[in-house]
Amino acid sequence: MRELSTSQQEDKVPLDSLIFGYGPMMPFLAAAIGVWLMPPPWPSVARDMVTFWGALIIAFVAGVRRGFGFGAPAAPTSAAIAAMLLYFVPAGLALVLHWADRLVLALAVLIASYALVAILDARAAKAGSAPAHFARIRPAQMMIAVVGLVAVLAHSWT
């Protein structure tokens, strides 16, 4: 059996990251399907639920970035704190906007946040400030959320 090189081992996505990375993205797709294909009142329920779910997951992702910064001596603390705030604050803002009946803005904030995670976590992984496998998993993982949220947003304008 062939041994993996150190860089291949670092880039390999652990099974738990696949399960707990892609699993939470499925509600975004379910919401997109729900808003377009389900009869009332399900589209509004799906919009509400995906907004709350999206905020919860992005807040969790903020904690993951900060947690890695605590545990990895090579990770710069300032970068980990900045990433955490860039992810966490918009999650709270999306909830406030939703509560204020600004659903389109809430969805737009979440879309921007997930796109930001896709870019920043991949870059951080390459720099050693996030788990190395984030360079492979984050762009595709976060784009699932973006696609689902964009579909929900597009339905909100119809």
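Reader: At what angle do helix 3 and helix 7 pack, and how far apart are their axes?
Author: In this predicted model, helix 3 covers residues 26-37 and helix 7 covers residues 134-156. The two helices pack with an angle of about 20° and an axis separation of 8 Å.

Reader: Is helix 3 roughly parallel or roughly antiparallel to helix 7?
Author: The packing angle of helix 3 and helix 7 is about 20°. Angles under 35 degrees count as roughly parallel, so helix 3 and helix 7 are roughly parallel.

Reader: Is the crossing of helix 3 and helix 7 left-handed or right-handed, and which residues of helix 3 make the contact?
Author: Helix 3 passes helix 7 in a left-handed crossing. On the side of helix 7 the contact uses Ile144, Ala145, Gly148, Leu149, Ala151, Val152, Ala154 and His155. On the side of helix 3 it is made by Met26, Phe28, Leu29, Ala31, Ala32, Val35 and Trp36.

Reader: How many residues in the contact of helix 3 with helix 7 are nonpolar?
Author: The contact of helix 3 with helix 7 has no charged residues and 2 polar ones. Its nonpolar residues number 13.

Reader: Is helix 3 roughly parallel or roughly antiparallel to helix 4?
Author: Helix 4 is made of residues 42-71, and its axis lies 8 Å from that of helix 3. The angle between helix 3 and helix 4 is about 160°. Over 145 degrees counts as roughly antiparallel, and helix 3 and helix 4 are therefore roughly antiparallel.

Reader: Which residues of helix 4 touch helix 3, and how many residues of this contact are charged?
Author: Helix 3 passes helix 4 in a left-handed crossing. Pro27, Phe28, Ala31, Gly34 and Val35 of helix 3 meet Pro43, Ala46, Arg47, Val50, Trp53 and Gly54 of helix 4. The contact of helix 3 with helix 4 holds 8 nonpolar residues, 2 polar and, as charged, 1.

Reader: Which peptide bond is cis, and where does proline 41 lie?
Author: Most peptide bonds are trans. The bond that joins proline 40 and proline 41 is cis, with omega about 10°. Proline 41 is in the loop between helix 3 and helix 4.

Reader: How are helix 4 and helix 5 oriented, roughly parallel or roughly antiparallel?
Author: Helix 5 spans residues 77-99 and packs on helix 4 at an angle of about 165°, with the axes 8 Å apart. Helix 4 passes helix 5 in a left-handed crossing. With an angle of about 165°, helix 4 and helix 5 are therefore roughly antiparallel.

Reader: How many charged residues does the contact of helix 4 with helix 5 have?
Author: Among the residues of helix 4 in this contact are Asp48, Arg65 and Arg66, and those of helix 5 include Tyr87, Phe88 and His98. The contact of helix 4 with helix 5 divides into 16 nonpolar residues, 4 polar and, as charged, 3.

Reader: What is the phi of aspartate 101, and is this residue buried or exposed?
Author: Most residues other than glycine have a negative phi. Aspartate 101, in the loop between helix 5 and helix 6, has a positive phi near 60°. Its relative accessible area is 68%, so aspartate 101 is exposed.

Reader: How are the rings of phenylalanine 28 and tyrosine 114 arranged?
Author: The model has 1 aromatic pair. The ring centres of phenylalanine 28 and tyrosine 114 are 5.3 Å apart and the planes are at 70°, so the pair is edge-to-face.

Reader: Which helices does the pair of phenylalanine 28 and tyrosine 114 tie together?
Author: Phenylalanine 28 is buried at a relative accessible area of 0%, and tyrosine 114 is buried at 0%. The two residues are 86 residues apart in sequence, and the pair ties together helix 3 and helix 6 (residues 103-127).

Key:
Residues numbered from 1 in each chain as written. Predicted model: local features only at pLDDT ≥ 70, side-chain atom pairs only at ≥ 80, totals over all residues. Heavy atoms only, no water. Axes fitted to C-alpha atoms, helices over the stretch in contact; angles between N-to-C directions. Helix = DSSP H or I, 4+ residues; strand = E, 2+ residues; numbered from the N terminus. Parallel < 35°, antiparallel > 145°, perpendicular 65-115°, else oblique. Left-handed = near helix turned anticlockwise from the far one by under 90°. Contact = heavy atoms within 4.5 Å. Nonpolar A, V, L, I, M, F, W, Y, C, P; charged D, E, K, R; others polar. Phe/Tyr/Trp six-rings, centres within 6.5 Å; stacked < 30°, edge-to-face > 60°. Buried < 20%, exposed > 50% of the residue type's maximum accessible area, 1.4 Å probe, protein only.
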